[in-house]
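Let's take a walk through this fold together. Have the sequence and the 3D view at hand as you read.

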Amino acid sequence: MKDLQSWPEPVVRVQSLSESGLRAIPDRYVKPPSDRPLLVSSPLAKDVNIPVIDLKGLFVGAKVPNGPDDPTLRQINEACRNWGFFQVVNHGVDPKLMRMMRESWREFFHLPVESKQLYANSPCTYEGYGSRLGVEKGAVLDWSDYYFLHYMPECLRNHEKWPALPPSCRNGFRGCREQIAEYSKQVVELSGRLMKMLSLNLGLPEDFLQRCFGGEDIGACLRVNFYPKCPQPDLTLGLSSHSDPGGLTLLLPDENVPGLQVRRGDNWVTVNPVSDAFIINIGDQMQVLSNAIYKSVEHRVIVNSAQERVSLAFFYNPKSDIPIAPTPELVTEDRPALYPAMTFDEYRLYIRTKGPRGKSQVESLKSARQ
């Protein structure tokens, strides 16, 4: 991927297509019938939401006060085992900062295209302003634009690739870059607390998973998603079905426009965002480390013809060159190791090449071991 400096075809900004007034989407965005969203909700989708968990009072300083028997930890454990997704409130990240970030990025995507093009990305790092995932020529594309940036490790943090615009995003900060830095710092702190909870719930020392990820030397990055209005939302997706390749994802959703759908058996459940909450989900690396006690879950994004959506996905990942394998303490005679050891760098080449493809990557590793 480092040698691939350009996309296989000219990049088309989806927002430009949306704002052009077209009535039919180009063929490049039309999904096969089996992958198209069913916009008539099932009864399950109407009646069920992913668990909402209140973290208030769980931590005293950096310590979990009551260990794995704490009722909140039990809720998280059940959500990880049964859903792979949950929402958290009273999580310690400044709600005002969360709202400012979402609106600043909305303003960014409404800047003139010439201003945004200054930050156009390439497939060698994906960092910057983009409109496609995967580098396969002729692939069916998703109805979305995005902005991707690195936060950790610090050696990859390049503030010149962070947008300095829009100027109105200051809100007490010196500029947009300072706002991004403070938001990322707070979300990384929340991620570290969640890692302790998951470790305890798996019967491990509270710092165990963090050490597996590389201690303080982990990977963290932000992808801001912009889903423009779509004239034919029944034919396409804002983001195709996939499981996240990394460790944990902390999503700041658009509070006013639902769009995230989580697979629940044979159904897709549309998540109803809670005010000032993060949506947390288990990634493939956590599935591997837990030997599939915790499973990453397929999810996708639907679009609509009436409203645009903005969401911020923060990915908390292992250090890229550390081999990740099932934790020996979670491997037994009845539950042998399901996955081979693999670094995150090796693992994510799949999705960087193919784009989002359900759970095909992690499941292919599992079948190879059985």
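Which residues have the most contacts inside the largest nonpolar core?

## The core

They are Trp 105, Tyr 183 and Phe 278, in a core of 67 residues. A nonpolar core here is a set of buried Ala, Val, Leu, Ile, Met, Phe, Trp, Tyr and Cys residues joined through side-chain atoms within 4.5 Å; buried means under 20% relative accessible area (1.4 Å probe, protein chains only). Helix α6 supplies the largest share of this core, eleven residues.

Strands count as paired if DSSP finds at least two bridges between them.

Strands β7 (residues 248-252) and β12 (residues 309-317) pair in the antiparallel sense over five bridges, and Thr 249 stands opposite Phe 315 in β12.

## Helix α6

Helix α6 (residues 176-201) has 26 residues and reaches 37 Å from its first C-alpha to its last. Gly 203, which follows α6, has a positive phi near 80°.

## About the model

This is a predicted model: local features need pLDDT of at least 70 and side-chain atom pairs pLDDT 80 or more, while totals for chains, interfaces and linings use all residues. Residues are numbered from 1 along each chain as its sequence is written, and side-chain values use heavy atoms, leaving out hydrogens and water.

Terms used: Helix = DSSP H or I, 4+ residues; strand = E, 2+ residues; numbered from the N terminus. Expected span 1.5 Å × (residues − 1). Buried < 20%, exposed > 50% of the residue type's maximum accessible area, 1.4 Å probe, protein only.
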